Amino acid sequence: MKIGFIGLGNMGAPMAANLVAAGHQVTGFDLAAPCPDGVASAASAAECAAGQDVVITMLPNGAILRSVAAEIIPAMGAGAGFVDCSTVDVESARAVAADAEAAGLLPVDAPVSGGIGGAAAGTLTFMAGGSDAAFAKAAPLFEVMGQKAVHCGPSGNGQAAKICNNMILGVTMIATCEAFALADKLGLDRQKMFDVVSTSSGYSWSMNAYCPAPGVGPKSPADNGYKPGFAADLMLKDLRLSQQAAEAADADTPLGRHATDLYRSFVEDEDGSGRDFSAMLPRFEKRHRDG
Ligand code: NAD
């Protein structure tokens, strides 16, 4: 396929490189980052999008997605696919999809999980929202860039799945970290804590696959000085999106709200920025009952 790829940062560059390796003809555009090897460079987003079978965007946020979409939608031909893999607010995803559909395009919102490692290895999970025809158009590309793609329903539902998943992740990581810090103070060995919880009803991905305690459980960012991994800053972004969506949908999410507050303090007032999101454990270690 002829593919335009806009946003060649930490995630976009390796995804575009995997499409090239699979034999697709890829043209890229980014305001700052260089095109990876094998990706032809366009002078603007509109030039990058013109005449392509599918255009993929991998951008920082919804406002930027909306401005790029306004530029590229008029440049694209009817029937082309528009696959946005960025994590953005549900409202922006739905607004951009509506504009794209009105122009005869096939839009899919398809945020990913799997991080930079998954992008490089081609093992991302895509959570997709859009029509059956739009999903079918994008599916062969999901197969190249990822190992699983779930069609979650109409436009915006990919973003909805992503922020609900990451709200659970933020809450369970905090729960796991505060429980380790309590266990420490009760004199319980961390390895014993892991052995029990990872095979008991407190188990979760945060404990079993991404244990926040160094030297315990499988290798994780905790074993690498809490270098991300999945940065606390990105967890804060996703938690904020979950609360924005909860506000708009009138959903009561008390733990999601509290997790957002904790990651906000950690990133903005403490030393969390640039550290892995599991560095909540050393944060709790230093603290006492009342602050
Ligand atoms: P990044 O900042 O490394 O890349 C974004 C790129 O977009 C940058 O290179 C920037 O120059 C470019 N850009 C910004 N505005 C532009 C414009 N108007 N036109 C063209 N290019 C523009 O971010 P990333 O880590 O690659 O993340 C991209 C998206 O993926 C985000 O929405 C993020 O939330 C999501 N995501 C990231 C991860 C991760 O682990 N990094 C995991 C899952 C999802």
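Which side chain has an N or O atom 2.8 Å from an oxygen atom of the ligand? The side chain is that of K237.

## About the model

This is a predicted model, in which local features need pLDDT of at least 70 and side-chain atom pairs count only at pLDDT 80 or more, while totals for chains, interfaces and linings use all residues. Residues are numbered from 1 along each chain as its sequence is written, and side-chain values use heavy atoms, with hydrogens and water left out.

## Around the ligand

The ligand is surrounded by 23 residues, and the closest are N10, M11, D30, L59 and K237; a residue counts here if one of its heavy atoms lies within 4 Å of the ligand. A backbone N or O atom of M11 lies 2.8 Å from an oxygen atom of the ligand, and a polar backbone atom of L31 is 3.4 Å from a ligand nitrogen atom, each being a polar contact (a pair of N or O atoms within 3.5 Å).

## Salt bridges

The whole structure holds eight salt bridges, each defined as a side-chain nitrogen of Lys or Arg within 4 Å of a carboxyl oxygen of Asp or Glu. R190 forms one with D184, where the closest N and O atoms are 2.7 Å apart, and another with E285, also at 2.7 Å from N to O. The pair of E285 and R190 links distant parts of the chain, 95 residues apart.

R190 counts as buried because its relative accessibility is 18%, whereas D184 is partly exposed at 29%; buried means under 20% relative accessible area, exposed over 50% and partly exposed in between, with a 1.4 Å probe and protein chains only.

Technical notes. Polar contact = N/O pair within 3.5 Å; in protein donor to acceptor, adjacent residues only side chain to side chain. Helix = DSSP H or I, 4+ residues; strand = E, 2+ residues; numbered from the N terminus.
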